[in-house]
Amino acid sequence: MRTRHARHALGRPAAQVRTGRAVLRFFVGDCLELLSQLPAGSVSAVVTSPPYNLGVRYRSYHDSLPRERYLAWTSRWVQLVARVLEPKGSLFLNVGSKPKDPWIALDVAAVARTHLRLQNTIHWVKSVAIDREAAGRAARLDRDLALGHYKPINSDRFLNDCHEFVFHFTPGGDTPLDRLAIGVPYQDASNIGRWRGAAGGLRCRGNTWFIPYDTIQSRVRERPHPATFPPRLAEFCLRLHGAARLRLVLDPFLGLGSTALAAAALGVDFVGIDVDSEYVKEAAARVSARLPAGELSGASARPAGPPAASPPRRSRRSGRSAPQAAPRLPLD
Ligand SMILES: C[S@@+](CC[C@H](N)C(=O)[O-])C[C@H]1O[C@@H](n2cnc3c(N)ncnc32)[C@H](O)[C@@H]1O
């Protein structure tokens with residue numbers, strides 16, 4: 001019922017995509033204004049990545065507030081998200097940092113802590129090196145591996161930054177999770193049955209998730225935004241929350257719609273908000289393009305293509321229980 005209310009609370013979206021019974025709605029605006037219009041307790045899960053205040057060149061948003069103002073703004077939007085979350089809802093809050101500002105992610109988490117409980121800390125690993133010797137013989141590697149992508153840092157004091165945080169905040173610290181929805185197979189068959197929860201030969205993945213970016217040929221054409229996360233990251237979060245319990249998914253900082261793509265893959269209602277109309281248009285078009293029978297209204301159905309204005313210059317960063325009706329789409 002609340003979800004139905006939520007469908008109408010925000011007025012007319014800039015674009016809307018339908019898939020099966022799910023409706024994905026895309027709004028242009030300031031999330032502070034739109035979040036206050038959503039009914040309390042109407043959102044099952046939020047997967048989002050706010051601007052990090054690191055001077056990233058977005059199309060229209062200026063990403064360099066004085067620190068105190070940025071943290072006060074963070075407190076405001078997290079408070080609004082806390083209000084709209086279901087009592088057993090989840091906020092998956094992705095924040096990265098940079099070597100010269102290593103505290104920003106933790107500062108954001110400390111502010112979020114004043115409104116919600118930190119239930120899990122997930123490390124999104126973009127790149128990893130695995131030495132053959134450390135992997136052991138059972139891994140059957142024939143060489144050392146270096147996987148994924150990162151933005152190299154030319155420095156004699158800083159390491160390349162190959163990870164970002166995903167803080168899992170919840171209203172009470174007791175949101176039940178579907179850990180095996182993103183479980184990994186036991187390497188050693190003798191462990192199956194020995195451990196509680198080893199059903200289906202899967203174990204909990206843990207809190208280090210290796211999710212590389214897709215390799216692209218042209219940022220302007222294929223990923224016209226300076227700071228996206230891979231849709232697969234959002235899909236992991238939503239599956240972990242429990243796809244069967246998802247009624248409405250929200251991303252107040254939509255960008256190119258990575259969370260929207262994950263919600264579409266799982267066949268759940270979605271609301272996305274961004275201040276930039278071009279990002280919103282692009283996000284809706286991306287979702288529509290991925291759906292076999294997606295129906296887009298309110299924005300051009302153009303698949304990923306060049307943005308209307310000059311492209312951003314640099315990059316900041318570099319199942320179990322899906323609802324039956326949902327089409328399974330390949331993400332990433
Ligand atoms: C880190 S990006 C999100 C990227 C997204 N996760 C993706 O994968 O495409 C942050 C986004 O927040 C938007 N933004 C900044 N301030 C906003 C506000 N007050 N309300 C809504 N969106 C805002 C920016 O335009 C930017 O697209």
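How many helices and strands does the protein have? The protein has nine helices and 14 strands, counted as DSSP runs (H or I of at least four residues for helices, E of at least two for strands) and numbered from the N terminus. The model is a predicted one, in which local features need pLDDT of at least 70 and side-chain atom pairs count only at pLDDT 80 or more, while totals for chains, interfaces and linings use all residues. Residue numbers start from 1 along each chain as its sequence is written.

Burial is a handy place to begin. Of the 332 residues in the protein, 39% are buried; a buried residue has 20 or more other C-beta atoms within 10 Å of its own, an exposed one has 12 or fewer, and a partly exposed one falls in between, with C-beta atoms placed from the backbone. The largest nonpolar core holds 70 residues, and Leu238, Val249 and Ala263 have the most contacts inside it. Such a core is a set of buried Ala, Val, Leu, Ile, Met, Phe, Trp, Tyr and Cys residues joined through C-beta atoms within 7 Å. Helix 8 (residues 258-266) gives this core its largest share, seven residues. Apart from neighbours within four places in sequence, alanine 263 is in contact with Leu24, Leu238, Val249, Val268 and Phe270, contact being defined as backbone-placed C-beta atoms within 7 Å.

Buried in helix 3 are Tyr70, Thr74, Trp77, Val78, Leu80, Val81 and Val84. These residues lie on the same side of helix 3 because they cover an arc of only 155° around the axis, taken over the directions from the helix axis to the C-beta atoms. On the other side, Glu68, Arg69 and Ala72 are exposed. The buried residues of helix 3 pack against helix 2, strand 3 (43-48), strand 4 and helix 4.

Helix 4 (residues 104-112) has Ala105, Val108 and Ala112 as its buried residues. Their arc around the axis is only 65°, so they sit on the same side of helix 4. Their cover includes helix 3, strand 4 (85-95) and strand 8 (163-170).

Finally, the ligand. Among the 22 residues around the ligand, Cys31, Thr228, Phe253, Gly255 and Ser258 come nearest, where membership requires a backbone-placed C-beta atom within 6 Å of the molecule. Helix 2 (31-35) and strand 13 (269-274) each supply at least two residues of this shell.

Technical notes. Two residues are in contact if their C-beta atoms, placed from the backbone, lie within 7 Å.
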